Amino acid sequence: MQKRMNEQELLLSFKQAMTESHIFVCYQPKMNYATGRMIGAEALMRWKHPEFGLQYPSDFIPVLEKNGLLPEADLAVLEMVCRFQRKCLDENIPVVPISFNMSRYDILQHNYVGRIEQIRQKYQIPVRFLHVEITESSAIGGAELVIDVLKQLHCLGYTVEMDDFGSGYSSLNILKDLEVDVIKLDMRFLSKGKTGRGGAILSSVVQMSKWLDTPVIAEGVETIEQADYMKSIGCSYIQGYLFSKPITEEEFIQKLKQVDHEPVQPAINLIETMDAGKFWNPSSLETLIFNHYVGGAAIFSYQKDTGNVQVLRVNEKYMKELGMNMCEKDILNSHPWEQMDEQNHKIYENTLLRAIQSNDEESCDTWRVVCSKICGEDRICIRNSLRMIGRAGEQYIFYTLVQNITAEKKRFEAISDSERKFRFAAEQANIYAWEYTVATKQMRPCYRCMRDLGLPPLLENYPEPAIELGIIPPDYAEMYRDWHRQIAEGVETLEAIIPLTVGRVPFHVRYTTEFDENHKPLKAYASATMVVDDDNQIPETEN
Ligand code: C2E
Ligand code: CA
Ligand code: CA
């Protein structure tokens, strides 16, 4: 028989429940889904009323809470857990860490940690077998008290798990203040609402926790799909009905005997040279550099097998580089691949793979379409310098420096566009054209040059090949070499009549130099037009 008790009935029977063991503990195993081994269990309070039947915490805990009785009940649970662990230790039953719940009312109690420690010592339970679950909401209205309790617990060697992570508003920020050892992420807070967003939150929390080197346990996992999804984003610790409901002590002993167990492991190996955890410490030098680095910087994770990318952190300059009045939230919620077309996506992903392989900085320029509420859509070109700084299985953490080079790229696009037009025009007129790149000494001839002079599309170490091939006759060779030296020194235009080829046909040769914004010469555009007397016909160039 089961019937809900009202507040009055609850309060009247509480004392009796405590003395006559109507309040007892159920255990719910926590598993490693990847290995099938048990990593621990949670103690959950139950009340079996002789008259009203089994009562669930959701009904009686708020009443105990309201009447100041919860700390007493919680310590009773702890005592039952310690008694249970003692039994396991004494009877050679496998022992796993068991967590007990500490409510925010417990935290307000004077010397609550001292009372926990007293009970543990009474039963001589090694501290590694007891974990404390503190809910995220305990920090609402000020984290100081929780930070203090956390410190006390850590000093005594307790492992602290943050319960119900993801339920609160400022979840991610809280991680910076509360140095918990394990995060419990409740699927039920996130599976409701839009699935896409829930998924993004789950994976960013998992990834962020890896960054912090803090293992995550997903609770409330009811289906294989949920467990598979969590595993795919790098979280294989689960607790939920899928594996087991909370079970009685006797049932739990059976489970302990049947199932292997293993300790919880930190999830990621960060590359030693860089203490990435420091990025989360607001006063560390790394954070300072990250936040105040003159350029844009971001941290993101890349799942190699699925190709998924998730931005984890950006600095202020990053948002400025991307422009568009984007805020951090916009960027963290954006899907990087959706901003790139197939070709740019490929370039970027190949660079990531290169960086994984070389373990060094690799860079690429990619175009992306960014979209903000304020500015709408725009196409921008970003120069990305990428470095891998951590990995866990197929998941890699990257640090990237970004530079918006859209203006520069657009200028070059405009140049090459007008250049193309010019080349078309040159094909129509009786003009030979070529392009000389100052830094590389490369020459690119027009189609007509290639056709009439048999040139390849690219000539290295220009102008030497033109001299060797006899296009420039030997008596003009030194002058022509000097022109290219002058171009490199910044001369703007050059022109002369040069007799070209062994046929020594007079051509009007002109060079115009192109400069960058610092007036550094980049390229020279050259043309050769045949010099014709008014009464002469244009000679045929065929043969
Ligand atoms: P909690 O600490 O988040 O505990 C997990 C709750 O989720 C438990 O409910 C558990 O039975 C339930 N649960 C586990 N797996 C699944 C699943 O796959 N699907 C669903 N739908 N539920 C699942 P329970 O035992 O009813 O406890 C509810 C809450 O009551 C607990 O939430 C905790 O906040 C509080 N509570 C339970 N025992 C204690 C205790 O000893 N002390 C204190 N202070 N609070 C307790
Ligand atoms: Ca809990
Ligand atoms: Ca929970």
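**Aspartate 163 is buried, with a relative accessibility of 6%.** Buried denotes under 20% relative accessible area, exposed over 50%, and partly exposed the range in between, as computed with a 1.4 Å probe on protein chains only. Aspartate 164 counts as partly exposed, because its relative accessibility is 22%. The model shown is predicted: local features require pLDDT of at least 70 and side-chain atom pairs pLDDT 80 or more, while totals for chains, interfaces and linings use all residues. Residues are numbered from 1 along each chain as its sequence is written, chains are lettered from A and ligands numbered from 1 in the order in which they are written, and side-chain values use heavy atoms, without hydrogens and water.

**Asp163 (OD), Asp164 (OD), Glu219 (OE) and Glu219 (OE) coordinate the calcium ion (ligand 3).** The coordinating distances are 2.2 to 2.8 Å. Donors are N, O and S atoms within 2.8 Å of the metal, or 3.2 Å for Na, K and Ca; water is not among the atoms, so sites may look incomplete. Along the chain, the donors of this ion (ligand 3) show the spacing D-D-x54-E. Aspartate 163 also coordinates the calcium ion (ligand 2), and the two ions are 3.9 Å apart.

**The calcium ion (ligand 2) is held at 2.1 to 2.4 Å by Glu42 (OE), Asn101 (OD1), Glu133 (OE) and Asp163 (OD).** The spacing of these donor residues in sequence is E-x58-N-x31-E-x29-D. Glutamate 133 belongs to strand 5 (residues 130-135) and aspartate 163 to strand 6 (residues 159-165), so the pair ties together parts that are 30 residues apart in sequence. Strands here are DSSP runs of E with at least two residues, numbered from the N terminus. Both glutamate 133 and aspartate 163 are buried.

Strand 2 (residues 37-49) supplies the largest share of the lining, 6 residues. The lining comprises 19 nonpolar, 10 polar and 15 charged residues. Nonpolar covers Ala, Val, Leu, Ile, Met, Phe, Trp, Tyr, Cys and Pro, charged covers Asp, Glu, Lys and Arg, and the others, Gly among them, are polar.

**Strand 1 (residues 23-32) is largely enclosed by the rest of the structure, because 9 of its 10 residues are buried.** Strand 1 runs antiparallel to strand 2, with 10 bridges between them. Two strands pair if DSSP finds at least two bridges between them. Cysteine 26 has leucine 44 of strand 2 as its bridge partner. These two strands form a hairpin with 4 residues between them, and glycine 36 in the turn has a positive phi of about 75 degrees. Strand 1 is also joined by 2 bridges to strand 9 (residues 237-239), in the antiparallel sense. Here methionine 31 is the bridge partner of isoleucine 238.

Strand 16 (residues 431-437) and strand 20 (residues 521-530) are joined by 7 bridges, and alanine 433 has serine 527 of strand 20 as its bridge partner.
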